[in-house]
Amino acid sequence: MRRVGIVGVGEYLPKKVLTNADLEKMVQTSDEWITTRTGIKQRRLAAKDEASSDLAIKAGRRALEDARLNPKDLELIIVATITPDMHFPSTACFVQANLGAKKAVCFDVSAACAGFVYALTIAQQFISRGVYKNALIIGAEVLSTITDWEDRNTCVLFGDGAGAAVVAEVKSGGGLSTYLGSDGTKADLLMIPGGGSRNPSTHETINKRLHYLKMQGNEVFKIAVKIMTEAAREALKQADLECSDVDLVIPHQANIRIIMAMAKKLDLPPERIYLNIEKYGNVSSASTAIALCEAVKTGRIKKGDIVLLDAFGSGLVWGACVIKW
Ligand code: UT7
């Protein structure tokens with residue numbers, strides 16, 4: 001089996017900023033409530049003509065440049081998203097066409113906020129077995145298109161953005177373990193009920209606002225703390241490491257209270273947790289990807305560091321990966 005690691009990272013955040021003060025004018029909420037309950041101060045919004053693939057392409061190009069890989073040599077593209085450009089074809093195919101990555105095999109992964117960790121795991125499997133030499137994995141979301149801007153319970157939480165990584169064989173370090181899990185019995189806690197084959201789009205589904213994201217936030221919160229803690233423990237166990245060995249945790253950025261409750265259970269000091277939720281809110285599959293990119297670019301991750309990616313989301317699904325940088 002080949003040793004597989006991340007050899008390049010990139011991100012793209014749309015320019016438009018929506019602050020908590022802006023939201024105060026849209027729904028009955030306050031900066032104080034959003035900040036204390038979630039840790040979010042602002043989020044980015046894609047322009048009207050920006051779809052997920054547009055964000056994915058920009059982040060993907062930056063990751064390829066960082067890895068010094070010509071798109072023509074790319075063998076696999078995986079896009080993790082819950083806001084694809086269209087039901088089909090896959091967003092990965094739009095990315096391929098734009099990059100001119102003619103050789104690449106392309107598909108999307110639907111694993112909500114754990115999508116980037118799932119994509120990384122899939123890419124690692126292909127490359128470690130020698131099926132492909134490299135992969136571009138991207139988490140890209142335009143969550144503003146599935147957000148109900150009249151629902152204060154959810155609209156304050158989400159944002160748009162993309163993060164990408166190039167995965168390839170490495171001589172030292174690389175992925176040490178990966179742990180994924182799913183529990184479909186809890187699907188109703190977080191979903192978009194309309195617009196699929198269960199409730200195809202009709203005037204009725206639109207009037208009932210079924211094409212927007214619905215969440216039982218409180219229930220998700222409790223499960224998230226438990227699941228993220230368990231996933232971290234399991235991935236570390238498989239890598240034969242202790243929590244104290246971890247230099248930096250890149251958690252899914254859903255709520256600062258979820259992240260800090262998990263850190264407390266794992267006995268991890270705050271300085272070993274990467275946070276950017278304040279700037280971007282929850283960007284689903286793109287959250288861990290953007291955070292990883294920022295942590296690398298700002299020198300928070302250095303060669304030899306043990307990095308733990310830890311995410312959960314709608315499904316429910318969850319995943320954690322341990323990487324030696
Ligand atoms: O990405 C993966 C999935 N997402 C998550 O992980 C999110 C998980 N859940 C959460 O982060 C939290 O549950 C929320 C941030 C969504 C909500 O926080 P909470 O502390 O669980 O609040 P709550 O739902 O229990 O609501 C408390 C109160 C309610 O008022 P009453 O019934 O006590 O009078 C809500 O109506 O806060 C009210 N509320 C708000 N007030 C002001 C809910 N949203 C808002 C708001 N502004 N935006």
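Residues are numbered from 1 along each chain as its sequence is written, and side-chain values use heavy atoms, with hydrogens and water left out. Because the model is predicted, local features need pLDDT of at least 70 and side-chain atom pairs count only at pLDDT 80 or more, while totals for chains, interfaces and linings use all residues.

As for partners, two strands pair if DSSP finds at least two bridges between them. With β11 (residues 248–251), β12 pairs in the parallel sense over four bridges, and Leu 308 of β12 is the bridge partner of Val 249. With β13 (residues 317–324), the pairing is antiparallel and runs over eight bridges; Gly 313 has Val 317 as its bridge partner in β13. β12 and β13 form a hairpin with three residues between them, and Gly 315 in that turn has a positive phi of about 155°.

Helix α4 (residues 91–99) has Thr 91, Ala 92, Val 95, Gln 96 and Leu 99 as its buried residues. These cover an arc of only 145° around the axis, which puts them on the same side of α4; the arc is that of the directions from the helix axis to the C-beta atoms. They pack against α3 (52–67), β4 (76–80), β5 (105–109) and β6 (134–142). After α4 comes Gly 100, whose phi is positive, near 70°.

Thr 91, found in α4, counts as buried at 0% relative accessibility. Leaving aside neighbours within four places in sequence, Thr 91 is in contact (heavy atoms within 4.5 Å) with Ser 52, Ser 53, Val 79, Thr 81, Pro 84, Asp 85 and Asp 108. Thr 91 and Ala 286 are 195 residues apart in sequence and 14 Å apart in space, C-alpha to C-alpha.

Now for the ligand. Of the 23 residues around it, Thr 29, Arg 37, Asn 218, Asn 255 and Asn 282 come nearest; a residue is near a molecule if one of its heavy atoms lies within 4 Å of it. Distances from a ligand oxygen atom to a side-chain N or O atom are 2.6 Å for Asn 218, 2.7 Å for Asn 255 and 3.3 Å for Trp 33. Taken alone the ligand exposes 950 Å², and the protein buries 74% of that; accessible areas come from the Shrake-Rupley method with a 1.4 Å probe.

Finally, Ile 6 sits in strand β1 (residues 4–12) and, at 12% relative accessibility, counts as buried. Not counting residues up to four places away in sequence, Ile 6 touches Leu 120, Ala 165, Val 166, Leu 292, Ile 323 and Trp 325.

Methods:
Helices (H or I, at least four residues) and strands (E, at least two) are DSSP runs, numbered from the N terminus. Buried means under 20% relative accessible area, exposed over 50%, partly exposed in between (1.4 Å probe, protein chains only). A polar contact is a pair of N or O atoms within 3.5 Å; within protein, one must be able to donate a hydrogen and the other to accept it, and residues adjacent in sequence count only if both atoms are side-chain atoms.
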